[in-house]
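Okay everyone, let's get going. Have a look at the structure on the screen, and I'll talk you through a few parts of it.

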Amino acid sequence: CEEISYALYPNDSTEKGRLLRLRQEYFFTSASMQDIIRKHKAKGLGIEELADTTALQLNDTHPVLAIPEFIRLTMAEGLSFEKAFVLAREVFAFTNHTILGEALERWDMKRVKKLLPEIAAILRRMQKRIEREFPDGRLYLIKDGTVHMANVAIYAGHKVNGVAALHTEILKENTFRDWYEAYPERFLNVTNGITPRRWLALCNPELASLITDTIGDGWQDRLERLSELASYADDAAFRARFKEIKHSKKAQLSEYIYKKEGVLLPPEFIFDIQAKRLHEYKRQLLNAFSILYYYFRIKEGKEPDFKPTAFIFGAKAAPGYYVAKAVIKFINCIADKVNNDPEVNDKLRVVFVTDYNVSYAEKIMCAADISEQISMAGMEASGTGNMKFMLNGTVTLGTMDGANVEICEEAGRENEYIFGATVEEVKEIKRN
């Protein structure tokens with residue numbers, strides 16, 4: 001048990017790693033299913049009543065083994081396969097978090113059979129069921145010896161949602177088009193969200209106090225009340241206090257980064273921050289190129305009006321994602337170059353924070369002046385960092401992608417710095 005649960009998301013670039021990940025996914029989902037059924041039975045309820053007491057939301061494809069495991073366990077309680085499948089459909093729903101093909105989990109059926117023979121058998125029965133329902137083969141769970149976990153979740157669940165309005169439309173039009181045509185009533189959008197209790201009240205008590213002093217209490221669980229602040233946008237006292245708070249949060253982050261990273265970032269600098277998972281489509285590399293561009297322009301005396309800026313990166317990369325690791329290395333090389341050049345470091349500094357995590361993010365989100373949200377349009381499912389930055393009074397520099405679209409609608413596009421191709425324009429570029 002300790003070996004299975006020691007490291008979440010182990011490196012799956014090797015056969016040993018892939019088997020460990022499959023073993024891990026089954027371990028956690030099976031434990032959960034068994035616990036749920038045990039508690040249900042302890043109430044004196046029959047197994048066929050499970051849907052009356054239980055709703056299970058599959059958070060992306062990693063826990064989808066819960067479906068065949070649920071069927072296996074309820075069959076062990078006396079249900080037929082068909083009754084167990086129908087019950088599963090009443091209990092399970094699926095949240096999709098990506099349009100990236102490589103992130104939609106697939107498993108080699110030989111590997112599943114080797115490690116989980118009973119689960120493999122149930123998956124095959126599910127495949128035969130869908131073949132009877134859709135004999136043209138357009139919809140499938142298993143194809144060419146591979147089980148597609150997102151398909152399993154859509155077929156054996158009663159709802160599937162995307163996590164931003166734009167993302168959900170892409171799922172319906174492209175990623176799961178055949179499934180949407182077969183089951184249009186199952187698809188809906190539920191835009192991602194964040195908790196203002198953690199991402200404002202807890203991590204930025206100074207700003208939270210200003211909001212409470214201005215509009216009263218109770219906004220923490222009725223966030224729409226923040227719109228009441230709009231009438232104070234031109235209030236000199238409110239703006240002055242807001243600026244003081246932002247400067248104090250920047251000073252706090254600067255002190256923390258200096259202690260942890262050994263890089264001094266003057267709080268008077270603009271804090272331009274990109275904090276999110278390291279991935280090519282999120283374009284940290286584009287941001288890095290822009291820093292190099294400014295670096296050489298400043299060196300050549302071509303940017304005399306450049307406002308002193310600290311570029312801050314926070315990210316983790318999957319253990320087997322070597323391109324992402326190369327980008328991290330590249331950014332750190334840029335930081336080393338820039339921060340040790342006296343000709344530019346009065347105007348430009350760079351830091352890639354180590355061990356980026358929630359605790360670090362709580363300090364970063366409320367200290368940012370600029371939030372970098374620069375994914376290529378159509379690639380980011382939603383994002384939540386964009387929301388955390390915005391909630392702490394940070395303007396967005398970004399593309400019309402993911403939840404940025406809805407943030408713009410709420411905050412006003414005139415209050416954002418939007419650039420780049422739209423989803424439609426990206427499609428046209430790809431066609432040409």
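Let's start with two helices, α12, residues 205-215, and α13, residues 236-261. This is a predicted model, by the way. How do the axes of α12 and α13 cross, and within what distance do they come? They come within 9 Å, and the crossing angle is roughly 165 degrees. Now, an angle over 145 degrees counts as roughly antiparallel, so α12 and α13 are roughly antiparallel to each other. Their crossing is right-handed.

So who's touching whom? On the α12 side you've got Pro-205, Glu-206, Leu-207, Ser-209, Leu-210, Asp-213 and Thr-214. They meet Phe-238, Arg-241, Phe-242, Ile-245, Lys-249 and Gln-252 from α13. Sort the residues of that contact by type and you get 6 nonpolar, 3 polar and 4 charged.

Okay, on to the sheet. Here 6 strands make an open sheet, and the pairing is parallel. Reading across, the order is β10-β9-β8-β11-β12-β13. At the β13 end, 2 bridges join it to β12, residues 395-398. In one of the pairings, Gly-398 has Ile-418 in β13 as its bridge partner. Over at β10, helix α15, residues 322-339, lies across both β9 (309-314) and β10. The angle between α15 and β10 is about 145 degrees.

Is Leu-58 buried or exposed? Under 20% relative accessible area counts as buried, and Leu-58 has 4%, so it's buried. What's around it? If we skip neighbours within four places in sequence, Leu-58 is in contact with Pro-63, Val-64, Ala-66, Ile-67, Phe-92, Ala-93, Phe-94, Thr-95 and Ala-153.

Last, let's zoom out. The protein has 19 helices and 13 strands. Its C-alpha atoms fill a box of roughly 75 × 50 × 50 Å along the principal axes. Of the 432 residues, 49% are buried. And if you take contacts between residues at least 6 apart in sequence, 71% of them join residues at least 24 apart.

Notes. Residues are numbered from 1 along each chain as its sequence is written. This is a predicted model: local features need pLDDT of at least 70, side-chain atom pairs count only at pLDDT 80 or more; totals for chains, interfaces and linings use all residues. Side-chain values use heavy atoms; hydrogens and water are left out. Two strands pair if DSSP finds at least two bridges between them. Helices (H or I, at least four residues) and strands (E, at least two) are DSSP runs, numbered from the N terminus. Contact means heavy atoms within 4.5 Å. Axes are lines fitted to C-alpha atoms, for helices over the stretch in contact, and angles run from 0 to 180 degrees between N-to-C directions. Angles under 35 degrees count as roughly parallel, over 145 as roughly antiparallel, 65 to 115 as roughly perpendicular and the rest as oblique. A crossing is left-handed if the near helix is turned anticlockwise from the far one by less than a right angle, and right-handed if clockwise. Ala, Val, Leu, Ile, Met, Phe, Trp, Tyr, Cys and Pro count as nonpolar, Asp, Glu, Lys and Arg as charged, and the others, Gly among them, as polar. Buried means under 20% relative accessible area, exposed over 50%, partly exposed in between (1.4 Å probe, protein chains only).
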